[in-house]
Amino acid sequence: MSLDEIKIGGMGASRRRVEDNRFIRGKGNYIDDIVLPGMLHMEILRSPFAHARIKSIDTSKAWGIPGVRLVMTGEMMASRNLAWMPTLSYDTQAVLATDKVRFQGQEVACVIADDAYIAKDGCEAIVVEYEPLPVIVNPLQAMAPGAPLIRDDKENQHDNVVFDWEVGDKSGTERAFAQADVVSKLDLHYPRSHPSPMETCGSIADFDRATSKLTVYMTSQAPHIIRAAVAMVAELPEHMIRIVSPDLGGGFGNKVPVYPGYVASILASILLERPVKWIEDKTGNLISTGFARDVYLRGEMALRKDGKILGIRMHTDSDHGAFFSDAQPSKFKIGLMHSAFACYDIPVAHLTARGVYTNKAPGGVAYRCSFRVTEAMFFQERMVQAAADDLDMDQAEFRRINFVGDDDFPHRTAFGFLTDSGQYGKCLDVGLEAIGYKDFLKQKEEAKKRGRLLGIGISTMTEPLGAGNSREYDILGIKMFDSAELRVHMTGKAILRTGAKSQGQGHETTWAQIVAHELGIPADDITVEEGDTDTAPFGMGTYASRSTPVAGAAIAMVSRKIRAKARKLAAHLLEVSEEDVEWELGRFYVRSSPDRGVTIQECAMAAYTNMPDGMEPGLENNAYYDPPNLTWPFACYIATVEVDPQTGVWDVLNVVAVDDCGVRINPMIVEGQIMGGLTEAYAMASMQFITFDEEGNCIGSNYMDYLLPTAWETPGFELHEVVTPCPHHPIGAKGIGECATVGGPAAFVNAVMDALKGTGVRNIDMPLLSDRVYEALTKRRDVSGMPPMRTDDV
Amino acid sequence: MYPSRFRYEAPRSLEEAIELLRLGGGEAKVLAGGQSLVPMLKLRFASPEMVVDINNIAGLDYHRVDPDGTIRIGALCRHADLENSAILHAHQPTMAAAAPVIADPIVRNRGTLVGSLCHADPQGDWASVMIALGGSIIAQGPNGRRSIPVADFVKGPFQNVLAFDELAIEAVVPAPKGVVNGGYLKLERRVGDFATVGVAIALESSSGVIIRAGIGLTGVGGTTINAIEAAKALIGGPLTAESIANAGDLAAQGAQPRTDHRGSATYKRHIVRTFVVRILDGVVESMERAA
Ligand SMILES: Cc1cc2nc3c(=O)[nH]c(=O)nc-3n(C[C@H](O)[C@H](O)[C@H](O)COP(=O)(O)OP(=O)(O)OC[C@H]3O[C@@H](n4cnc5c(N)ncnc54)[C@H](O)[C@@H]3O)c2cc1C
C-alpha cells in the first residue's frame with residue numbers, strides 16, 4: 001500500500017515551517033548573533049551631502065581614541081585599487097568616496113575598533129571638509145541642458161544618461177496607432193521605495209593569515225555570486241574564499257548586491273588579521289542600500305471602439321541614483337519591463353527606456369519581483385483601467401475581451417515573451433464572484449447619492465518568474481541556472497543542499513516536501529542546508545521568485561536521479577530485472593506480485609551494505625537545472641474602498657485574491673506569501689515611499705518617516721485559488737513569492753481612482769496619502785508625485 | 001543602538017533623584033518611559049553625561065480622581081494605564097479619546113503622560129489635551145514643589161521650563177464646574193505615526209450653555225497650539241451649527257502649519273477645521289442623548 005503523501009509531508013501538505021522552531025525560540029543564527037574570538041567592530045561614516053566635492057578628510061582625532069584600531073578612507077582604498085568596485089550592471093560604484101560624494105549617506109570612511117561604541121565615537125571624530133555641489137533628485141533635472149555631471153569619474157560620460165534601450169516593433173506600433181479609434185494616455189510614477197528587511201545588511205570578515213583563507217559571514221541572498229565577485233575584485237583565489245550566509249531576517253532583493261560595507265570589512269580583516277564585524281544601522285540601510293522602483297511612465301494605448309487593444313507604446317525614465325547597480329539579467333537594461341501586457345492578446349507594442357543618474361542612493365533592486373516586473377504590471381493595470389474608462393466600458397469586461405484565451409497557448413507576446421499556460425478568464429470570474437461585483441456596483445451608485453464615495457479596483461496580470469533560461473538570462477555572464485545536491489544516508493534519512501538561499505520563504509520546509517513527493521522519504525527525515533559556499537552547490541541565489549521554478553526543479557530532478565539508482569538497488573534486492581520493478585510513493589514492487597516490494601529506506605541501506613557487483617556505493621547525486629522557459633503565474637486582485645471626501649482618507653472594505661501559481665507545494669506557505677505580498681501592495685498604494693528634498697536629503701531614513709504597515713492598519717484578505725500546472729516545470733509549480741507585491745498595488749489604486757470617477761481626476765501617483773487624495777478631489781485634477789518634496793503650499 | 005557613553009543612576013526616592021539632578025548640573029537627563037529619550041540617545045541627538053532612571057521610585061504610577069473631581073496623573077503612569085482607565089472613561093472624554101491613539105500599543109506600555117509633556121514635542125498628543133483641559137504640572141526641586149500651567153510649561157519645541165534640578169512628579173486636570181464633554185481626533189498616516197493634525201477639545205456646560213472651553217492643536221505649529229480665540233467663541237451660548245462652524249474657522253486660523261511630507265499647510269488647516277466640527281457635532285449628539 002502506498003504512503004499517504006500528506007502524512008509524510010509531501011506535495012500539498014500544509015506542513016508547519018521547520019525553521020520556525022528556532023526562530024520563535026530566539027535561537028536563529030543571524031549575522032549579529034555570530035561572535036568570533038578577537039572580533040573587532042566597524043562603523044561607517046556617511047556623507048551628509050547629496051553632492052559635494054571632498055576637500056579634505058582629517059582622521060587624526062579618530063586615530064587618537066583608545067580602542068580605535070584602523071581608520072580607512074577612500075584614499076587608502078585607492079592605494080590598493082579598491083576605491084571603486086564593479087556593480088552587477090557593468091558600472092562602477094565607489095567603495096569609499098575619493099573625489100566626490102554623490103548621494104546622501106554615501107560611505108566616506110570606516111572606523112574599526114574594539115567595540116561598536118568606540119567605532120561610532122571614532123566616526124564622529126573624523127573631520128571632512130565638503131564643497132557642496134548642485135543636486136539632482138529626478139530625471140527631469142538630470143536630463144536638463146547644463147545639468148551638473150554626476151559621473152565625472154567616468155571617461156566617456158558627458159551627461160547623466162545611463163542607457164537608452166528599446167524593444168518591440170516601432171513602425172508596426174505606429175501603424176496600429178494610426179488605425180486606432182481612441183488613444184488612451186496615462187503618465188505615471190512608481191515612486192522610490194526600499195525593500196527594508198527587518199534585519200539590515202552586515203558582514204563578518206575573517207581572514208586567517210595561517211591558512212590564507214577568507215571566511216565572510218554575510219547577509220547575502222546570493223552567496224555564490226558574492227564568492228565569484230570577491231574572487232575577482234579582491235583578486236583572491238576562489239577556493240580560498242568561503243561565503244556563509246546565515247539565517248537572514250528578510251531580503252526582498254535588498255541583499256543581492258555587493259555593498260561597500262562588505263568590501264571594507266574584508267579589507268579591514270586582511271589588514272588587521274582579525275575578524276571584523278559590520279552591522280549596518282537602520283538609517284544606513286534605508287539611505288544607502290539597494291532601493292527599488294523610481295520609474296516614470298509615458299503610456300499610450302491604441303484602441304478600437306469595441307474595446308480591442310490594437311497596440312501599446314511605453315516610454316520609461318528610470319532614476320538609478322548615483323551608480324547603476326541594478327541587480328538584473330545583464331541583457332535587459334530596464335529589467336523585464338517589457339513583460340507588461342503579457343496576459344493580453346495585443347498585436348504590437350514598442351517600449352523605449354532611458355535610465356539616468358541622480359544624486360540618490362544606487363540600487364534598482366528587484367524588491368520582491370522579477371526585475372522591474374512590479375513597475376510593468378502596475379503601469380499595465382493602471383493603463384487598462386484608464387482605457388476602460390476612456391471607452392466607457394466596464395473594467396472587468398474590457399479585460400476579458402483582451403485576455404489571451406485558454407486555448408491560445410503557447411502565446412508569443414507583443415514584446416516577444418512566450419507564455420505557456422493559464423486560465424485568465426476563470427480567475428477573473430472567481431474574483432468577481434467572491435467580491436460580489438454586480439452588487440457592489442449597485443451599492444456604489446446608491447452610496448453616491450448620499451455623498452459617499454465607494455470604489456472597486458481590479459488588477460489582473462501574468463508575470464515572468466524564475467529566471468531564467470541560460471540563452472537569455474545571465475548576470476555578468478554567469479548563466480541563471482540553479483542546483484541541488486541530495487545525499488541519502490544509510491538509514492534513509494537525507495541532507496539536501498541547494499544554490500538558493502532562503503530569507504524567510506521557508507525553503508527548509510518546502511524543499512523537503514519536494515523530496516518527499518519524489519522519493520517517499522518523510523519530509524521530517526530530510527535536512528535542508530543552504531548558504532555556505534564551501535558545502536552548497538553553485539547557484540544564483542534567491543530573488544525574482546526563482547527558487548521554486550529553478551532550484552525547486554533541480555531538487556525534483558536530483559530526487560529522480562536518486563530514484564533511478566534506487567530502482568537498480570530494488571531490482572537487486574527483489575531479484576528481478578529492473579524492467580519488472582514498479583514505483584509507488586516510497587516503495588518499489590514487483591509488477592507481477594505487488595506484495596513483494598522494498599521501501600526507499602531499504603534501498604538506501606543496500607546502497608551502503610548490499611549493492612550489486614559493479615555498482616558504485618552510496619546514494620547521492622546532484623542536478624543543475626536550466627529551465628526551458630520562465631514560469632507564468634496569473635493573479636487577479638480586487639479591492640473595494642471608501643474614500644472620505646472631507647479628509648481624503650480611504651479605507652479598504654474588502655480584498656479578494658485569486659492566484660494561479662500552478663501546483664502548490666505547501667498551501668500554508670503559499671498563502672503566507674500572498675498575504676505578505678498584499679500587505680506590501682497595500683503599503684505601496686497607501687504610505688510607503690522614499691522622497692527627497694531639493695538638497696537631496698532623504699525623507700524616509702527611519703521607520704518614523706518610512707512607513708511600513710503593521711497588523712493594525714493592514715486589511716484582511718480573502719484568498720482563492722485556481723491551478724493550471726506549469727507545463728515545463730517538473731512538478732508543475734510556477735512560483736508565488738512576488739505575485740501579490742507585483743499585481744496588488746494597482747488594485748488598491750484603481751479602487752481609489754474608481755471612487756473618484758466622474759470628478760475629472762485620472763490619476764494620483766502613489767502613495768495615495770490622504771492629502772493627495774483630498775487635493776485631487778477638491779482641485780479636480782491629477783496629483784503627480786516627483787521629488788523634490790513640496791515645501792511650499794500650492 | 002550605540003549612544004555616547006553616559007553614567008546610569010536608578011534612585012529609589014524623589015529626594016535622591018533630585019539630588020542626582022542637582023549633581024548633574026544640567027548634564028543629567030531623566031528617564032521615564034524612555035520612548036522619546038532612548039531614540040534621541042540612539043541617534044546621539046542627546047548625549048547627556050548622566051541618565052537618571054526614575055522607574056524604581058515607588059508610588060508614581062497612579063492616576064486618580066479626587067472627591068472634588070480633580071484628576072491626578074503620576075509621573076510613572078503609562079499611556080496604556082490611561083487607555084484602559086475606567087476613571088477616564090467615566091470622567092474625562094477628551095483624555096479617554098486621546099489615550100488609544102497615541103503611538104502604538106508597544107510604546108503605550110512604556111511611555112508616560114508626564115514624560116510626554118516634559119518632552120514638549122509639538123507633535124505630542126498629550127500637550128494639546130492638557131492645554132484644552134487647562135491642566136498643570138507639579139514640579140519638585142531642592143526647594144519644594146510648584147505648580148505650572150501646561151500652557152506655560154512648554155517654552156518651545158522640545159523645551160520646558162523645568163529647572164535642571166526639578167522633576168515633574170504629577171500632571172493635574174482641574175475639577176470641572178459643569179457637565180464635561182469633549183473629544184480628540186487625530187489624523188495619522190499609520191498607527192504609531194505622529195499626528196499630521198490632532199485636535200483636542202474640552203468643554204464644560206451648564207443647562208446646555210458652554211461655560212468653559214479649551215482647544216489644543218497638535219502638529220500644526222512650532223509648539224502645541226492653544227486655539228484661544230476658537231475656544232472663547234464657544235463660551236456663553238449653546239452649540240449651534242453656526243457656532244461650531246465659526247469655531248472651526250477660528251481654530252483653522254489659529255493653526256500655524258507648514259507644508260511637509262505629511263501634507264500641505266492648506267490641507268492641515270482644512271483638517272483642523274473638519275476635526276473641530278466633527279468633535280463638536282459629536283458633543284451635540286451626546287448632549288442630546290443625555291437630555
Ligand atoms: C514609535 C513611537 C511613536 C510615538 N508616537 C507618538 C504619538 O503618536 N503621539 C505622542 O504623543 N507621542 C508619541 N510618541 C512619544 C511617546 O508618547 C513618549 O512616550 C513620550 O513622548 C515621552 O514619554 P516617556 O515617559 O517615554 O519619556 P522619556 O522618553 O523617558 O523622556 C522624554 C523627555 O522628558 C524628560 N522627562 C521624562 N519624565 C520626566 C519627569 N518626570 N520630569 C522631568 N523630565 C522628564 C526626559 O528627560 C526626556 O527629555 C511615540 C514614540 C515612539 C517611540
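Guide: Chain B is assigned domain 1 (7-53), domain 2 (63-173) and domain 3 (179-290). Those bounds come from an automatic or database domain assignment. This is a predicted model: local features need pLDDT of at least 70, side-chain atom pairs count only at pLDDT 80 or more, and totals for chains, interfaces and linings use all residues. Residues are numbered from 1 along each chain as its sequence is written, chains are lettered from A and ligands numbered from 1 in the order in which they are written, and side-chain values use heavy atoms, with hydrogens and water left out.

Visitor: What separates the centres of domain 2 and domain 3 of chain B, in Å?

Guide: Taken over C-alpha atoms, the centres are 19 Å apart. Domain 2 of chain B puts 26 residues into the contact, and domain 3 of chain B puts in 27 residues. Contact here means heavy atoms within 4.5 Å.

Visitor: How much area is buried between them?

Guide: About 1900 Å², with carbon and sulfur atoms giving 59% of it. Buried area is the accessible area (1.4 Å probe) that two parts lose on being put together, summed over both.

Visitor: Which residues of domain 2 lose the most area there?

Guide: P122(B), Q123(B) and A132(B). Together they make up 29% of what the domain 2 side buries against domain 3 of chain B.

Visitor: New topic. Where does the ligand lie?

Guide: The ligand sits between chains A and B. Around the ligand are 32 residues, and the closest are V30(B), L37(B), T112(B), D125(B) and K186(B). To be near, a residue needs a heavy atom within 4 Å of the molecule.

Visitor: What kinds of residues make up that shell?

Guide: There are 16 nonpolar, 12 polar and 4 charged. Ala, Val, Leu, Ile, Met, Phe, Trp, Tyr, Cys and Pro count as nonpolar, Asp, Glu, Lys and Arg as charged, and the others, Gly among them, as polar.

Visitor: Which backbone atoms lie by the ligand's oxygen atoms?

Guide: A polar backbone atom of L37(B) is 2.7 Å from a ligand oxygen. For a backbone N or O atom of A32(B), the distance to a ligand oxygen is 2.8 Å. For D193(B), again a backbone N or O atom, it is 3.3 Å. The protein covers 93% of the 970 Å² of accessible area that the ligand has on its own. Such areas come from the Shrake-Rupley method with a 1.4 Å probe.

Visitor: Which element gives the most to the shell?

Guide: α7(B), with 5 residues. The elements giving two or more are β2 (28-31), α7 (113-119) and β10 (167-173) of chain B. Helices (H or I, at least four residues) and strands (E, at least two) are DSSP runs, numbered from the N terminus.

Visitor: On to chain A. What is its domain assignment?

Guide: Domain 1 is 20-27 + 482-625, domain 2 is 34-133 + 200-248 + 255-288, and domain 3 is 292-467 + 629-793. The centres of domains 1 and 3 of chain A are 39 Å apart over C-alpha atoms. These two domains bury about 1400 Å² between them, 63% of it from carbon and sulfur atoms.

Visitor: Where are the cis peptide bonds you can show me?

Guide: One joins F409(A) and P410(A), with omega about -5 degrees. P410(A) is in the loop between α11 (395-402) and β18 (411-412) of chain A. Another joins M766(A) and P767(A), with omega about -10 degrees. Most peptide bonds are trans.

How values were computed:
A polar contact is a pair of N or O atoms within 3.5 Å; within protein, one must be able to donate a hydrogen and the other to accept it, and residues adjacent in sequence count only if both atoms are side-chain atoms.
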